[in-house]
Every structure is written in C-alpha cells, then in structure tokens.
Amino acid sequence: VLEQFLQEGRISALMWEVCQQQAQAGSPELQEALLNKIVCLPDYVSNKLQGKNPPVFFPQNYFPLLGGAVIQVLQKISDSLRGGLDCSISFVSHVLGKVCVHGRQKEILNVLVPHLTDLTKSDCIWQRICWRLVECVPDRWMEAVVLGFVQRAPGADVLSRLLGNLVVKNKKAQFVVTQKMLLLQYGHTTAVLQNLLGYLSLDSLRRALLIKVLQELLETWGSGSAVKHSPPEQQQYISKAILICLSHLKEPEIESCRQELLTSMMEGVKCHLDSNLPQIRRLGMIVAESISSKINTDGPVLKFQVKVIMKFMSSLQVLEEVKALNQDIIASSNTYFSGNKESNKKSHAAAPVMSDEESDTELDSDDDLIPYDMSEDKELKIKAPVYIRDCIEVLTGSEDVDKWEATVKALESLVRKNPAATREVSVELAKILLHLEEKTCIEGFVELRQRAQVAVLTTDPIPVAKYLTSQFYSLNYSLRQRMDILDVLVLAAQELSYPKSHGKTKHSGAPKPCNQLLPGSDSSKDWRRIVDERIKSKTRRFATGQSQVELASGPNEFNSVAGHFFFPLLQHFDRPLTTFDLLGEDHFVLGRLVHTLAILMYLAVNTVAVSAMGKALLEFVWALRFHTDPYVRQGLLSCISSMLLSVPTERLLEDMTEELLETQSWLGDVVEKDPDGDCRRLALQNLLLMENLKKKL
C-alpha cells in the first residue's frame with residue numbers, strides 16, 4: 001500500500017493538505033509526526049522489512065521522488081497565490097531542512113535546483129516562493145540547506161535568484177556564508193567559492209558583506225599565527241577566496257579601503273615569505289601581486305618572479321579572473337617582442353630604397369660592423385696546478401682568473417688522487433673552500449666547490465669534521481654558509497658509509513665453450529680456473545636462472561667517525577648568538593639541522609656509536625617537539641624514524657624504555673591534532689614502526 005501511495009504521487013497531496021492546514025492553524029503535533037514519517041520513511045521501512053525492502057524505498061530512489069513532490073506542492077502554492085488564496089510554505093521548508101540535515105542534500109537538491117532555476121528565470125512570484133522556502137527553514141537546519149544550494153547552483157546569478165537576500169535577513173545563514181564556509185572550512189572547490197562570493201557581489205545590500213568578508217580573510221591571511229598553525233590547504237583556500245573577492249571589487253570600494261589593503265598586504269607578505277614551506281611563500285607572492293595591482297592602478301606595482309607565480313597558479317587551477325591579473329606582464333613583453341620583430345621587418349624591407357647618405361649613416365652604426373672570422377681560433381687551455389699547496393696559493397692569492405677557474409674545476413680530482421698531501425693541509429683547505437666566493441661566472445661553481453669540500457672531508461674526516469661542526473655555531477657566518485656545512489656533512493657521511501666498489505654481475509646462463517690452454521701458459525696458479533671451466537663445459541643445465549648481482553662489500557668507514565659528525569651539532573642549538581638564533585628567527589636553518597641529524601642517524605646504522613647517538617637524538621627531539629614551524633616538526637619526526645630504524649631493538653628497549661613510551665603518546669597526539677598533513681603521515685609511520693618492533697619481540 002505504501003509503495004502504491006508513493007508511485008501515485010499521494011505524498012505531494014499529503015504535504016499540500018498540511019500546507020493548507022497550517023494556513024488555518026492546524027495541529028502542530030500532527031504536523032511534527034508527519035514530518036518525521038515523511039523524512040525518515042526509508043529508515044522505518046528498511047528496519048521493518050530488513051533485506052526485503054522494495055527499491056522505491058531505497059534512499060537514492062525515495063528522496064528524488066520526494067523532491068519531485070516538493071516541486072508539485074510549490075506549483076500548487078504558486079497557483080493558489082495567483083488566485084488570491086492564502087497558504088503556508090513552512091511545512092515544505094521543514095521537510096527540505098530535515099532532509100538536508102540528514103545528509104540527503106544531493107538526492108533532493110539535484111531535483112529541486114534545476115527546476116527552481118528554470119521557474120525563477122522570469123517569474124517574480126516563483127522567486128518570492130523560492131526565497132520564502134529557504135527563509136522558513138529553522139536555524140538548526142539552515143546550514144545544511146544553504147551549503148547544499150551553494151554547492152549545486154550552476155552560477156552566482158542563479159544562486160542570487162534562489163536565495164535572494166537571505167544572508168541579510170537571517171543571522172544563521174549570514175554566519176554560515178561569511179564565516180563558516182570561508183574561515184572555518186577549507187574543503188570546498190573553487191566553483192563553490194565563486195558561487196558564494198559572486199552571490200555576495202550581485203546586490204547592493206550584500207556588497208557590504210563582501211567587503212567585510214575580504215577584510216576578515218586578509219586579517220587571517222596576514223596573521224603570523226594562522227600561517228604557522230593552519231595547514232597549507234587552508235591557506236591555499238583562503239588565498240583563492242581573497243583573489244576572487246578582489247576580482248569583484250569596484251574602484252570606489254577599493255578607494256574606501258585602500259590603506260587597509262596595503263597594510264594587510266605588507267603584513268601578509270612578511271608572514272608568508274618567512275615560512276619554510278615553498279608553497280606558502282608562493283601563495284604570499286601571488287596574493288601580494290594581485291592586491292598591489294588592484295590598489296596601485298597608476299603607480300608602480302609589486303612584482304615577483306613571473307615564471308614561478310604563473311606555473312604555481314596553473315597548478316592550482318585557479319579561476320581565469322585571477323590569472324588575468326598577472327597576464328598583463330606577459331602580454332606587455334609579447335607586445336614588446338612583436339614590436340621589435342615588426343620594426344626589423346620594416347627596416348629590412350626599406351633597405352634597398354635608402355639614399356646614399358642614409359646608407360652611409362647606417363654603415364657608421366656599430367650594429368652593422370662585419371664580425372671577424374673566428375672559426376679557426378682555438379681556446380687557450382690554462383694548465384691547472386698539480387699539487388695541493390699550489391691550489392691553495394691560487395685560491396687565496398692569485399689574480400689570474402683563468403688559473404683560478406682551472407683550479408676550482410680540477411681540485412676535487414686532485415684531492416682524491418693525493419690523499420696523503422691533502423691530509424697535511426686538510427683543515428686549511430676546508431677553511432678556504434668554506435669562504436670561497438665566485439670570482440668569475442663559472443658554470444656549476446656551487447657544485448664544484450661542494451664536491452671539493454666533500455672530497456676533503458672524506459679524505460681526512462675527523463679533523464675536518466671537527467672544524468666544520470665548530471664553525472656551524474660560530475659568529476660571522478651567513479645562513480647560506482651554515483647550510484653549506486650541513487650539506488657537506490651529509491654528502492660526506494653518505495659517501496663514507498657506502499661501499500666503494502660496485503657490484504659485479506654473475507650470469508648463470510648457458511656454458512661457454514671450453515678455453516683451450518695455449519702453449520707456455522701452464523702456470524700452476526691458473527689450474528683451479530682451468531678445472532672449473534672444464535667442469536662447466538661438461539655440465540648439462542636444464543634451466544637458466546636470472547643474473548645475480550653480487551653486492552659490493554667493504555668496511556664502513558663512517559663507523560669510526562660518526563660521532564665527530566653528529567654530536568657537535570647537538571651541543572649549542574639552544575644558545576643564541578648575535579647573528580644566529582636557531583630557536584628564534586632562524587628556524588629555517590633549525591629545520592635543515594634537524595633533517596641533517598635524521599640523515600646522519602640513518603647512515604650510522606650498525607656503527608658502534610649508534611645507541612648513544614639515538615639516545616642523544618631522542619632527548620633533542622623531546623626538547624623541540626612542540627615547535628611551531630611545520631618544517632621543523634617534519635624533521636623531528638624523521639629523526640624518530642631514523643632512530644627506530646638504526647638503533648638495535650635490544651638497545652632501544654633496555655636504554656630508552658620510558659622515553660619510547662612517552663614518544664609513543666606524543667606521536668598519537670600528532671596523528672590526531674597536528675595541522676600539517678606531512679607531520680600526521682610521518683607520525684603514523686613511526687607508530688607503525690613501533691608496532692613492528694613489538695611484533696619482532
């Protein structure tokens with residue numbers, strides 16, 4: 001009977017009767033009971049029938065049918081209003097609100113929104129009916145209804161027709177649109193943002209809210225605390241919202257808040273450029289350029305690297321209006337180049353008809369001088385020094401630029417070929433390379449210098465490592481030099497910990513023909529090889545295996561020096577210097593230091609000092625575990641991973657039992673509460689590593 005009731009469209013007749021009763025003050029208890037039964041009918045039926053539920057009562061079938069019934073009731077209400085009769089729409093609003101709050105917005109609004117979009121195009125009565133439909137939704141259900149309409153409206157103009165000035169009349173709807181969807185949530189698509197902000201911009205009463213929203217977005221965007229503690233996805237979302245707001249602003253509105261925009265831009269750029277995450281810095285550049293181009297229409301505007309910004313904007317797939325804000329730069333450069341091409345064409349076309357006098361003046365121009373034929377010229381090769389001490393003299397005192405360049409290029413191979421000579425002056429050479437600056441525009445200078453530093457460090461590890469680690473915390477070094485020290489330590493440790501020789505491939509394939517002994521080659525030392533080859537030639541093989549790689553092996557040279565690389569870096573991290581404060585504004589270097597310690601810990605596996613290194617590293621991590629910078633926290637979590645992978649299980653449990661339990665509790669908090677996605681992922685990996693340790697036991 002119920003199935004027939006639904007299929008014959010009686011549910012619309014039921015709702016229409018309730019609407020007529022509401023106009024005549026019907027029983028509220030009956031209306032509440034009917035509301036529950038209509039909205040929850042699929043649940044009631046499925047609970048009674050269990051697995052024998054007819055398809056019409058499936059939610060994916062029932063709620064679209066209910067949406068069609070709502071349209072029929074609204075049509076009757078429209079006819080009634082045109083006939084001059086009173087009726088109430090609040091029961092339909094209650095049905096819509098309760099369905100949406102139960103999570104069925106998609107099913108019912110996919111039916112309602114297209115019909116209402118067509119009906120409200122040119123009919124003002126339908127527009128008023130639609131406005132009343134959403135205005136009569138109770139506040140407790142308003143958020144679900146507004147969110148559903150914003151997500152499913154095909155454009156801002158349609159949303160404006162469907163909702164009217166709801167955000168001006170209803171405080172709950174205003175909170176959802178101007179606060180919750182923009183500042184508290186960040187999972188909505190760019191199309192939803194365009195709908196939302198476009199809706200605010202399409203009416204004079206709502207434009208005041210648009211400006212208010214922009215100010216609050218800029219306040220959040222320019223907050224250092226928000227940049228540190230909110231995830232990159234949320235900052236990207238807020239940045240997109242700001243750019244869309246800017247595209248809707250008119251000149252008088254910009255003029256009224258120009259100073260506020262400028263102040264917000266300066267504060268926000270500083271916060272974003274201070275971040276250690278590249279995507280946050282790029283977001284800051286994009287938004288700052290857009291604000292600058294809006295507020296400085298006549299004067300100079302802020303410019304960053306165009307290629308970086310445009311590449312990032314295309315990866316974000318932001319709206320076309322935002323891209324247009326930066327397209328002017330490219331368009332102007334294209335115009336310039338095309339203008340040059342046109343002028344060149346014109347000059348070539350005009351050349352044959354020039355007068356003699358004009359041609360003489362043209363010949364005087366430097367542009368028309370005939371170049372020398374240098375095809376047979378040979379580049380003079382400067383001979384590089386062949387002794388380490390000669391290299392030191394050239395790098396410190398020589399004015400011959402060519403010789404200096406040849407020395408820089410040859411230094412690495414020279415150091416590796418002469419280890420004994422290098423050890424005599426290793427610290428002096430390390431000092432020179434650390435302070436070496438580029439005299440000429442030599443290709444790959446930074447890499448050449450770094451490779452030479454690594455060669456010196458691997459040749460004489462202990463004294464050079466002591467020197468470099470002591471200089472990391474010394475005065476009068478730039479941040480770049482301190483990070484160079486960390487990079488060199490990591491690369492050298494990697495080289496020392498890996499075997500020197502490469503693996504040899506053994507093929508167990510078909511036997512080769514027997515090698516016959518040549519006269520005079522009957523040396524006694526080759527007898528075993530000869531016998532083995534004869535055995536192979538006589539052996540029948542029915543299957544050939546794959547080639548097996550014999551892994552390279554050799555002593556771990558990092559074993560005896562790991563402590564000299566590692567422990568000095570832990571000593572003074574909490575002591576600020578005049579020009580260097582790791583726990584303060586130099587948090588980017590702190591992040592690099594933490595990641596370096598994680599790598600050194602990982603490379604120290606199977607070394608003697610690994611247990612002591614692990615315990616010291618855990619104490620270091622514990623002191624910094626609540627650091628506000630996500631890059632630093634990522635490094636700390638990497639340190640935990642390295643320690644769990646490198647330190648033997650027995651030593652972990654005997655020497656660090658309490659610390660591991662506390663670390664496990666902290667990792668659980670990170671997984672649940674950390675705003676950065678990478679930190680949550682790393683913490684989860686560490687918890688899994690700890691579980692694996694338990695299973696091994």
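# Questions about a predicted model

User: Is Gln453 buried or exposed?

Analyst: Gln453 has a relative accessible area of 8%. Buried means under 20% relative accessible area, exposed over 50% and partly exposed in between, with a 1.4 Å probe and protein chains only. The 8% therefore makes Gln453 buried.

User: Before we go on, what kind of model is this, and how are its residues numbered?

Analyst: Residues are numbered from 1 along each chain as its sequence is written, and side-chain values use heavy atoms, with hydrogens and water left out. Local features need pLDDT of at least 70, side-chain atom pairs count only at pLDDT 80 or more, and totals for chains, interfaces and linings use all residues, since the model is predicted.

User: Which residues does Gln453 touch, not counting those up to four places away in sequence?

Analyst: Gln453 is placed in helix α27, residues 445-459. Helices here are DSSP runs of H or I with at least four residues, strands are runs of E with at least two, and both are numbered from the N terminus. Contact means heavy atoms within 4.5 Å. Setting aside residues up to four places away, Gln453 touches Leu433, Leu434 and Val488.

User: How do the axes of α6 and α7 cross?

Analyst: Axes are lines fitted to C-alpha atoms, for helices over the stretch in contact, with angles from 0 to 180 degrees between N-to-C directions. The axes of α6 (residues 90-101) and α7 (residues 105-119) come within 8 Å and cross at roughly 135°. Under 35 degrees is roughly parallel, over 145 roughly antiparallel, 65 to 115 roughly perpendicular and the rest oblique. So α6 is to α7 oblique.

User: How many residues in the contact of α6 with α7 are nonpolar?

Analyst: Leu96, Val99 and Cys100 of α6 meet Gln105, Ile108, Leu109 and Leu112 of α7. Nonpolar means Ala, Val, Leu, Ile, Met, Phe, Trp, Tyr, Cys and Pro; charged means Asp, Glu, Lys and Arg; the others, Gly among them, are polar. The contact has 1 polar residue, no charged ones, and a nonpolar count of 6.

User: What is the relative accessible area of Gln105?

Analyst: Gln105 is found in helix α7. Leaving aside its neighbours within four places in sequence, its contacts include Ala144, Gly148 and Arg152. Gln105 is buried, with a relative accessible area of 16%.

User: Is the ring pair of Phe558 and Phe565 stacked or edge-to-face?

Analyst: The structure holds 9 aromatic pairs. Rings of Phe, Tyr and Trp (its six-membered ring) pair if their centres lie within 6.5 Å; planes under 30 degrees apart are stacked, over 60 edge-to-face and the rest tilted. For Phe558 and Phe565, the centres are 5.4 Å apart and the planes stand at 80°, so the pair is edge-to-face.

User: Which ring does the charged end of Lys37 sit over?

Analyst: A charge sits over a ring if NZ of Lys or CZ of Arg is within 6 Å of the ring centre and within 35 degrees of the ring normal. Arg140 lies over the face of Trp141, at 4.3 Å from the ring centre. The charged end of Lys37 is 4.2 Å from the centre of its ring, that of Tyr44.

User: What is the phi of Asn476 near?

Analyst: Most residues other than glycine have a negative phi. Asn476 lies in the loop between α28 (461-472) and α29 (479-497), and it is exposed at 70% relative accessible area. Its phi is positive, near 65°.
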